Amino acid sequence: MSFILEVRDVEKIFTIRKGFKTFRVMALRGATLTLSEAEILSVVGESGSGKTTLLRVIGRLYSENKGEIILFGSTVPKKLNKKQEIDFRRRVQIVFQDPFSSMNPVKRVKYILERPLRIYGMREKDEIKQKLEEVLQDVELSPAEIFLDKFPHELSGGQRQRVAFARSIITAPRIILADEPTSMLDVSIKSSILNLMLKLRQEHKIAFIHVTHDLASARYISDRIIVMYAGMIMEEGKAQEIVKMPLHPYTQLLLKAFPDPRGGKEKLSNLGEPPSLISPPEGCPFQPRCKYRTIECENLPPLYDVGGKKVRCVLYKI
Ligand SMILES: Nc1ncnc2c1ncn2[C@@H]1O[C@H](COP(=O)(O)OP(=O)(O)O)[C@@H](O)[C@H]1O
Ligand SMILES: [Mg+2]
């Protein structure tokens with residue numbers, strides 16, 4: 001099988017200053033993943049686990065300290081020149097958590113959607129008009145004329161996120177990186193945005209990397225799920241299998257902590273603190289919170305292959 005995107009052993013360290021001291025935040029360690037055409041991959045984990053960092057490194061908003069990102073078989077340079085950037089953004093788009101802050105508040109929807117088309121050289125008025133109507137139809141905002149004239153603040157949160165998706169598909173990308181696209185929306189409209197992502201995948205063959213802290217929405221739309229903890233991938237597998245039979249003790253904890261139709265609402269905060277990423281523990285980062293901890297956990301386990309899934313835990317050592 002050939003992948004449209006490969007992330008190989010990527011590391012991202014932030015340097016922060018506190019007073020006269022500088023600290024290194026190990027936001028991402030050894031991140032490795034693949035994405036196939038029209039696949040939906042969700043990256044799940046608590047706040048601070050490195051999900052946004054991973055997405056921003058892939059989306060070239062941050063450059064990695066180590067590792068490699070391969071798009072359609074070619075390594076993506078760490079820093080893109082203007083031409084490379086235009087080419088990259090045509091194929092890989094990002095949708096942010098807060099559609100309001102990602103849109104110019106003094107511009108109408110028409111301008112917001114037209115801008116990428118102009119960047120990609122579309123000049124013909126009728127062609128632009130047709131394209132705008134087409135993408136608004138794709139994201140189910142109609143009639144188009146009404147929405148084109150609106151300012152972002154005149155739209156509901158759900159409508160704004162639909163405009164963000166309309167903008168992201170206007171250059172016919174192959175991959176959309178979506179960072180918690182439903183987390184700021186009312187519960188009642190979250191699923192309609194997830195359904196929109198499913199529709200865009202179906203109709204446009206777009207692949208998604210979908211970041212969320214909510215395992216339920218990840219299960220709803222994903223083919224595969226990656227579980228992150230403290231900047232590391234702890235488990236990976238088919239979405240249904242991760243939810244049905246989580247292997248890693250951390251995934252088991254996540255499943256218990258999130259509202260699930262099958263019950264169980266333990267709060268993660270009651271179960272210990274996530275580790276500091278400034279000097280993360282040697283070995284498995286989850287060991288301070290893990291009830292199965294043994295002396296073996298002092299060494300970082302690799303991702304073991306277990307029946308089609310991958311899991312970073314000594315419990316599954318072969
Ligand atoms: N620009 C930045 N500068 C310094 N530290 C950062 C920056 N962005 C993220 N971090 C740190 O990296 C870690 C991972 O953050 P993030 O990727 O935002 O996690 P998540 O999206 O899972 O909540 C956190 O400890 C966060 O404080
Ligand atoms: Mg985040």
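Which residue in β8 stands opposite Val-43? In this predicted model, the residue facing Val-43 is Val-211. Strands β3 (residues 40–44) and β8 (residues 207–212) run parallel and are joined by 5 bridges.

Both strands belong to an open sheet of 8 strands with mixed pairing. The strand order is β6-β7-β8-β3-β9-β10-β12-β11. The edges are formed by β6 (92–95) and β11 (304–306). Each has a single partner strand, so one side of each lacks a neighbour in the sheet. On average, neighbouring strands are turned by 20 degrees against each other, direction ignored.

Helices pack on this sheet as follows. Helix α6 (residues 157–169) touches β6, β7 (175–179) and β8. The direction of α6 makes about 170 degrees with that of β6. Helix α10 (residues 249–257) lies across β3, β9 (224–229) and β10 (232–238). Relative to β9, α10 runs at about 100 degrees.

Ligand 1 is surrounded by 14 residues. The closest are Gly-48, Gly-50, Lys-51, Thr-52 and Thr-53. Polar atoms approach oxygen atoms of the ligand. For Lys-51, an N or O atom of the side chain is 2.8 Å from a ligand oxygen. A polar side-chain atom of Thr-52 also lies 2.8 Å from an oxygen atom of ligand 1. Ser-49 contributes a polar backbone atom, 3.1 Å from a ligand oxygen. On its own, ligand 1 has 570 Å² of accessible area, of which the protein covers 67%.

Elements giving two or more residues to the shell are β1 (5–18), β2 (21–35) and α1 (51–58). The largest share, 3 residues, comes from α1. By class, the shell has 6 nonpolar, 6 polar and 2 charged residues.

How values were computed. Residues numbered from 1 in each chain as written. Chains lettered and ligands numbered in written order. Predicted model: local features only at pLDDT ≥ 70, side-chain atom pairs only at ≥ 80, totals over all residues. Heavy atoms only, no water. Near = heavy atom within 4 Å. Polar contact = N/O pair within 3.5 Å; in protein donor to acceptor, adjacent residues only side chain to side chain. Areas by Shrake-Rupley, 256 points an atom, 1.4 Å probe, with all protein chains shown as cover. Helix = DSSP H or I, 4+ residues; strand = E, 2+ residues; numbered from the N terminus. Nonpolar A, V, L, I, M, F, W, Y, C, P; charged D, E, K, R; others polar. Pairing = 2+ DSSP bridges. Axes fitted to C-alpha atoms, helices over the stretch in contact; angles between N-to-C directions. Contact = heavy atoms within 4.5 Å.
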